[in-house]
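Subject: Handing over a structure

Dear colleague,

I am passing on the structure below, together with some notes for a reader who has not seen it before. Please keep it open while you read.

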Amino acid sequence: MNTLTGVSINKKDNIFLKIIGGLVFLFIFIAVLNVFQNPIKNFLHIVSSPVEKYFWDAGDNASVFFASFINARNIAKENENLKLENQGLLVEITSLQSLEKENEALKTITAIGRDQEFKYVMAGVTGLNTAEDIISINKGSADGILAGMPVISEKKVVFGRVLKVFKNFSEVMLISNKSNVLNVKIPGSDEAEVPVYGVTRGNGNLGIYLDLIPIDSNINAGDVLVTSSLEGTFPKDLLIGKVQETDKNDLKPFQTIKIEPFFNMKEAENLFVITDYKTR
Amino acid sequence: MWVKYLVIAALFYIFAVLQNSFLVHFNILGIIPNLVLIFYFLLLFFEKTDKFHLGIFGAFIAGFLLDIFSHYYLGISIVLLVFLMFVVKKILQILWDRSDEYSIIYFISLFILYLISYRVILNVCMLFLSPPFADFTVNWALLIVGAYNLLFALIGFYFFDKFNILSGEDRQLKLF
């Protein structure tokens, strides 16, 4: 037998055995990781939560600082626009105040309180995965959170729904996630006008668009979208976004409309999980 | 020697936390750089082509952290990064054989290839494991992903080069 060939064959066998051994080890390691996936993720999120919160706040402050330089020119223009909008809203408030008085009287008689419909759990955002449009919040099954629960801000803006629950934290799928579909309506400008119903779909990168709007529907830039509660996930009349620009194509049966979402990660310090949503 | 591995693991963890919490506020149209992937590529690029210790160690740590801070099953990114390590090392060996000098062009080209490969293979895995999260959309956003990641990768490249990090051999690194 040729000694050199024998040595060469042994070396090749060794490498082959090493590769097989490595693959077996990798397979077992990954299997064990996934068996204990929930406690591992939960533990690391508990440990990382204070660090993530610190960096989240630091990033928020730093971005505001830099944004002031970048947006200096636009701030004055935005200020003027806001002043005009404010004046319009003041007029609207005056007319609504009289309606509110009537409503208060009705409430006293019927004893219906809107806030008693829902129970909320306040949660802090600890991280955002921009590749999947999923955020992490610091409340989990130990706090009564269940998958599917809606998540909104204090201003009743829809952020998304709980996707996966761990013991001390949860993953929330934003409405901008590409697999998310949400039934919405665009209320008419007056009570006589019939609302327009459609769906918003996630576009990724924190963007959404409106779909399945009949071609003959009259949608204008600035129209506000709210939840319709048709799919039973979100209560109705929660804020989604406003129409940015329409794209009417007579060859298609439906319009596709670009939406500016109201949810803003810069204002997502505290969110609310609705734990006891009841349909009306 | 173990200190080196501890420092690398700590850096991976810090980068993972930074990209999930700090850099979120500096997103460009919802896109942020993946510091963990960038740092792992830098380790592969600057480690000797016939050595795999840092590559395998980095694949486990980086892959683990990428999966922890995402919705994926644990281990997907580990397997992906181990695979990409062998591919990148092989390409670097070929480039090293052809020329004694590396150029920034090799770095940029290989980095873009590495990023695209990671994204494509990951989405193929998602197609089988979690179909709603598979995303094969090709649009302008990919340009921003590439550019934003490349910016941080180039900063890392010059940092590694200037401070001769992982330089176990005499490499001539030239711009062009």
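The notes below take chain A and then a pair of helices in chain B.

This is a predicted model, in which local features need pLDDT of at least 70 and side-chain atom pairs count only at pLDDT 80 or more, while totals for chains, interfaces and linings use all residues. Residues are numbered from 1 along each chain as its sequence is written, and chains are lettered from A and ligands numbered from 1 in the order in which they are written.

Chain A contains three helices and 12 strands, these being DSSP runs numbered from the N terminus (helices H or I, at least four residues; strands E, at least two). Six of the strands close into a barrel with antiparallel pairing, in the order S1-S2-S5-S4-S3-S12, where two strands pair if DSSP finds at least two bridges between them. Within chain A, strand S3 (residues 150–153) pairs with strand S4 (residues 158–165) in the antiparallel sense over three bridges, and A:Pro150 stands opposite A:Arg161 in S4(A).

In chain B, the axes of helix H5 (residues 104–129) and helix H6 (residues 141–162) come within 11 Å and cross at roughly 130 degrees; axes are lines fitted to C-alpha atoms, for helices over the stretch in contact, with angles from 0 to 180 degrees between N-to-C directions. The residues that meet, in contact if their C-beta atoms, placed from the backbone, lie within 7 Å, include B:Phe107 and B:Leu115 in H5(B) and B:Gly146 and B:Phe157 in H6(B).

Terms used:
Two residues are in contact if their C-beta atoms, placed from the backbone, lie within 7 Å.
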